[in-house]
Amino acid sequence: MSRLTPWLFWIGLVLCVAKVAGADDQLNTLVRNVPEGGNSVAIVRVAELLKSPRAIKEGWADKPATEFLAGATAIPSWVETLIVSSLVRPEVPEEVWSVGIVSLPKDLKLDQIAQREAASISSVAGHRAIESAHNTFFVELTPDTLGTMRPAIRQSAARWLRACDNRATSALSPYLQQATTRPQHIVLALDMADMISPTRLREYLRQSSQLRGQMSDTERVCDLLNTLRGVTLTVQVTESLRAELSIDFDSEVGDLGPDVRQVFVEIAQTRGLGLNDFNASELVTEGRSVRMVTGLSDEGLRHVMSLVVSPLPAKRATKPSEATEYEASKRYYSAIVRSLEDLERVTKNVTNLASIATWHENHAKKIEHLPNHDVDRELLDFGSSVSAKLRALSASLRGTAVEINADEKSITYNVQVDPGWSQVNIWGGGAGYKAPSMNVSSNLKEVRERQAAAISRGSQKREQIWTMIRDEQASIERKMRERFGRNFSAK
């Protein structure tokens, strides 16, 4: 996954564990290949998900990867089970590393993937491997098991593969290992043990205008949150969608369940997680867990699934005509247009700017990972341009100043600049972190006001960027029609 806002891992990554004959053995085999040190896990059991009543009714299995789950994710429909394990750091815009494991169908092998990725096969730690243009290693763990790692750092990949060759059991933490036993279609899990700074958590809760005076006992809530083990989200797909968020501790929750929900909702709204369905969820407190149960909207499902960017290639079509430049280019262009339309639709009535920023970032990521084999070069440039502009829009919606050169049709912004609010958080220090730029205990309100003012100042620039995207879209569609001599559109 690239450029995920790491707070999203409060809600986690997607997995699906089905209770069918042989499924547990296959799952255990795949899980055994994940690296040590990850704090999040994703397992998507696509085959079982596609058998759900809603998937059958809407024909999910008949749609290409770019349309699966209404375009919410790029997981190819040929995947039976996908596992992703990552090491993420809060407030850092990239995961440290991410590894995916998948069983390959009999008619898709590494040689075909190499051809599709226009890459040559080499060797990493004795395993056949290719390095894709998406900064990802594709590795043949066994003839019928594919592993992926990004970023494509050869030394890291070699160490992971050697460890897999000598390991007989899973390297997941006990919390994540437990999450893989959950029976629902979609399960999202993050191990959060020792992740939160107790001092910053206490000050954050005291300064929050939404939480101040609303909790029964701030000190007891802080003490409980300091024993947080992890967060797991599950979704069951039938005719409708049913979601459950479990927040798990090492201490008894007692009567603090409502306070825990308030803290979660506040953080979700502040960070733009877009899970508004949980605002009015049913609350269940059991022992050391707080569970929030709710029906999930289509928008909520798309938001959850948009966190998962599959590192896998789409399966090459069996019909030769479907592999032509025209067909590939039209599919690619149509996917971009649908992504832009979906982005405008889902953000139309959303007032939380952090949530809108996250949507822009996720759609940029989706476009970057669209299948691009046989696609026209100018069309690929258009996709790269749109993705870059969506990232600029996301930065602007978070308060980063964006500069536009109308003559050169270029956009610049410095993602390394700390505008003075991005580091207000409850996390402690460590590798990849830097100290906050202000005292969170004294000026959190001022910081948020400054951020809101910066976002407001950037509204005109954001309109200009959208105009540039629409102009580029009209221009590339005209060029493609001239080039292919037929009706080239997203319809």
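**Notebook: salt bridges**

The model is predicted, so I kept to its limits: local features need pLDDT of at least 70, side-chain atom pairs count only at pLDDT 80 or more, and totals for chains, interfaces and linings use all residues. Residues are numbered from 1 along each chain as its sequence is written, and side-chain values use heavy atoms, with hydrogens and water left out.

I then searched the whole structure for salt bridges (a side-chain nitrogen of Lys or Arg within 4 Å of a carboxyl oxygen of Asp or Glu) and found 20.

Entry on Arg 242: I found its side chain in a salt bridge with that of Glu 282 (3.9 Å, N to O). Glu 282 lies in strand S11 (residues 282-286) and Arg 242 in strand S10, so the pair ties together parts 40 residues apart in sequence; strands (E, at least two residues) and helices (H or I, at least four) are DSSP runs, numbered from the N terminus. Glu 282 is partly exposed at 45% relative accessibility.

Entry on Asp 255: I recorded a salt bridge to Arg 220 (2.7 Å, N to O). Asp 255 sits in the loop between strand S10 (241-249) and helix H10 (257-270), and Arg 220 in helix H9 (residues 218-225), so the pair joins parts 35 residues apart in sequence. Asp 255 is exposed at 52%, whereas Arg 220 is partly exposed at 36%.

Entry on Arg 291: I noted a salt bridge with Glu 286 (3.2 Å, N to O). Arg 291 is buried at 19% relative accessibility. Arg 182, Glu 244, Glu 286 and Arg 291 are linked in a network of salt bridges.

Note on methods. Buried < 20%, exposed > 50% of the residue type's maximum accessible area, 1.4 Å probe, protein only.
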